[in-house]
Amino acid sequence: MRSLSFLSKMTIFGFLLSTLPVIFIGAFAFVTSSSEIQKNVNEGKMQLITQIKSNVEQKLTTVNHTLNQVINSTVLKKAMDMPLTVNDFMMYDDLRSEIRYMQSFDTKLEDVILINARENWMIKNSGLYRYNSYPYYDKLMSLMNTQENSVWTLNPSKWFFTEENARSVTCDYSISLVKKLPTTGLEKYGLALANIPACSLQDLIQNDTEHLDDILIMDEQNRILMHPDPSLIGKSITEAGLANLKQLEAPMGQFSASINEKPYSVSFLRSNLNNWTYLSLTSIDSLTKESSKIGTYTIYVCVLMLLLSMVLAWLGSRKMYSPIQLLLNQIGGLVTVNQKRKANEFQMISEHVHTLFQSKSQLEREVHQHIGQVRTFFLIKAFQGHIKQSELLEKLAQFGYNRHIEEWKTMSVITMQIDSIDNTRYEKRDMELLLFAVHNMIEELIPSQQRLAPIIIDQTVVTLIGSADNEEAAFRNTVYALTEQMQQHIYSYLNLHVSIGMSLPIHAFSQMAMAYREGLEALKHRIKLGEGIIIQYENINSGKHYLNLNYPKPIENELMDTIKLAEKDKSKELLKQLLQAVFAAPLTPQEYQIPLARLLNNLLMVMQESGIGLNQIHPNKGSLFEELLSLHMAAEIEDWFWTEVIHPLIRIYRDRQDAQYHNISEKIIDLVQHYYDTDLTLEECASRLHYNANYLSSIFRKETNCSFSDYLSTYRFNMAKKWLSETDMPIKDISSKLRYNNSQNFIRSFRKQEGLTPGQYRDKKKEGSAPSR
């Protein structure tokens, strides 16, 4: 009887081990407690309320964004300074159009109200009203006293409906986004309110989420905003059965509570947007009832898995050995009885794999011998300009030139040719060998850290010499000394005259092709100068690079910067200077098209990098390049560039700047309102907002007509007056909270601005508020 192989024994042992996880799963099904199931359900509920929170905040953010567009519109800013009457029909109609733009089915926005207390008017869906004659004038006036300039509040819907349209009230309460007007400046005398019926919150998220019967939302005053029972909206959360509110003080969490004398698991999550709290209430009784069902189903599944694994393990133990045997036969290791006694199958496979690795190492050595040929082919293409600029440095790094890329600051291409082999001991058939010998001498004479590998292109030996020195004159002298040494060395060993061409110094590897052409161009002057010479390209082209088109790149760079900064007058002047420089060059009419097309192309690249579509500056028209090439007069070309490309770009950048400036000012004001009681500085604001402090200072002064320090001082002074009139906080504590060094400085500053000491101001306010007898 044939003994079992090592692999067969391991397979049977694996079969026995494979059944253990199934047994453990079955045991786990019996010991799984309802608390663990509750934990899993709670995690699911937390994910659910996180999704609901995200959906609601998305809608609220949309409302906030559209309301910001309304309050920042030119129409409303103009209207805030006007006493609107029935005769101002056009202005009223424009404001109504702005309001209607906000109302959409997605956000459930029911009404938008604009109030100007100083000019005594109010506009909403039903029309124009005198503000002080409105039935709920006092209620709406109370919203002016909120500390924040923008806040979400829960208000009775009747505040926003007069008697003639009271039937249109769809919900007893409305969630209102309240924004003080105007948005900039310290004096607030108006309101903008966007009202969403509270009972429509459930509709906002119904399309995205199912099973909302146990989901609640409450505001920071613990009033219910969303509940399966609409009659509870607007009431305290305690009326819904949740008595212990201290457990809801954390940002998020889970706890158990008794609601209507039944145990519940409560998951909650607080929003950073408006401090609303999202809750999920899950009955523990229902979880316990489901746990037994889950355990039973788990046992059935485990039994099925156990049977299935047994069958698969048995089949595997019968069939697994044959592929291993086949593998051994294919790699030349025939398994005999003697071999089985000496080693198991895996040891034999290991030996053959080791042999394969040895073969792999030998193959790698052979491939390494060909790397030089691949590198030579690459360098030939690089010198001839056939490598993309984006790939050049990457390829150089692949061939081991990382150090050259990092250190070299100045470079030059040298080209070397054998002048003639006539009247020498060599024949023409020896030319290839001679070039190879010259190639090897260059490798020996110049250290590898100072050059790239020399190559042979069309009977010319070419290499790139580099240095970390930025001084071009010293670099030229070094390269010239190297070329003289090479000439002497070649003549000494080969008794041959060679001529060497040197390009102008370059400072980027991307200029290799241009420098190569300069070296070849220099060698052409052997016709006049004779053989055995060293020719520097700077001596034959007045120190200018090959193919220099005299394009005014510095002016173009300055023009691009002024366009991005939306500086209209300066951009127009720079365009004029650039075109004058282009037309001053002695070129043919056809050659002028090259710098003009280059300017247009660079403008379009700036536009594309800024995310500006071509249709924004040139809608539904033909090709810009065709229009440009059809122009023939310098004045026409300058006017075309300005009207068709540059001025439209400036308008787009200016609009972006205006929106950005207003947004930045709002963020600075928000930081002041939240951190006025800390050592807040403009530099700290700049650090938080990731801007330069001087840049923020100029923007803030432009938007608010006051400096940051003046605004911060005024806000702190107003808070001091509020605390003095509404609280009994000691004056020493007030001065400390407002970051004064001592209370005397605070008293002195308060008296200077108000004409009274803080104590006198507090007494005056108390006397004014005391009831008369």
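Modeller: Two strands pair if DSSP finds at least two bridges between them. The model here is predicted.

Biologist: What is the order of the five strands in the open sheet?
Modeller: The pairing is antiparallel. The strand order is β8-β7-β11-β10-β9.

Biologist: Which strands are the edges of this sheet?
Modeller: An edge strand pairs on one side only. That holds for residues 224-226 and 252-259. These are β8 and β9.

Biologist: Which residue in β10 stands opposite S256?
Modeller: Strand β10 covers residues 262-270 and runs antiparallel to β9. Eight bridges join the two. Opposite S256 stands S265.

Biologist: How many residues apart in sequence are the parts that F383 and Y516 tie together?
Modeller: The two rings form a tilted aromatic pair, 5.9 Å centre to centre with 45 degrees between the planes. F383 lies in helix α10 and Y516 in helix α15, so the pair ties together parts of the chain separated by 133 residues.

Biologist: Is F383 buried or exposed?
Modeller: Buried means under 20% relative accessible area. F383 has 1% relative accessibility, so it counts as buried.

Biologist: Which helix holds W723, the partner of Y676?
Modeller: Y676 and W723 are a tilted pair, 6.1 Å centre to centre. Y676 sits in the loop between α22 and α23. W723, 47 residues away, is in helix α25.

Biologist: How far from the ring centre of Y189 is R118?
Modeller: R118 lies over the face of Y189. The distance from the ring centre is 3.7 Å.

Definitions and conventions: Residues numbered from 1 in each chain as written. Predicted model: local features only at pLDDT ≥ 70, side-chain atom pairs only at ≥ 80, totals over all residues. Heavy atoms only, no water. Helix = DSSP H or I, 4+ residues; strand = E, 2+ residues; numbered from the N terminus. Phe/Tyr/Trp six-rings, centres within 6.5 Å; stacked < 30°, edge-to-face > 60°. Buried < 20%, exposed > 50% of the residue type's maximum accessible area, 1.4 Å probe, protein only. Lys NZ or Arg CZ within 6 Å of the ring centre and 35° of its normal.
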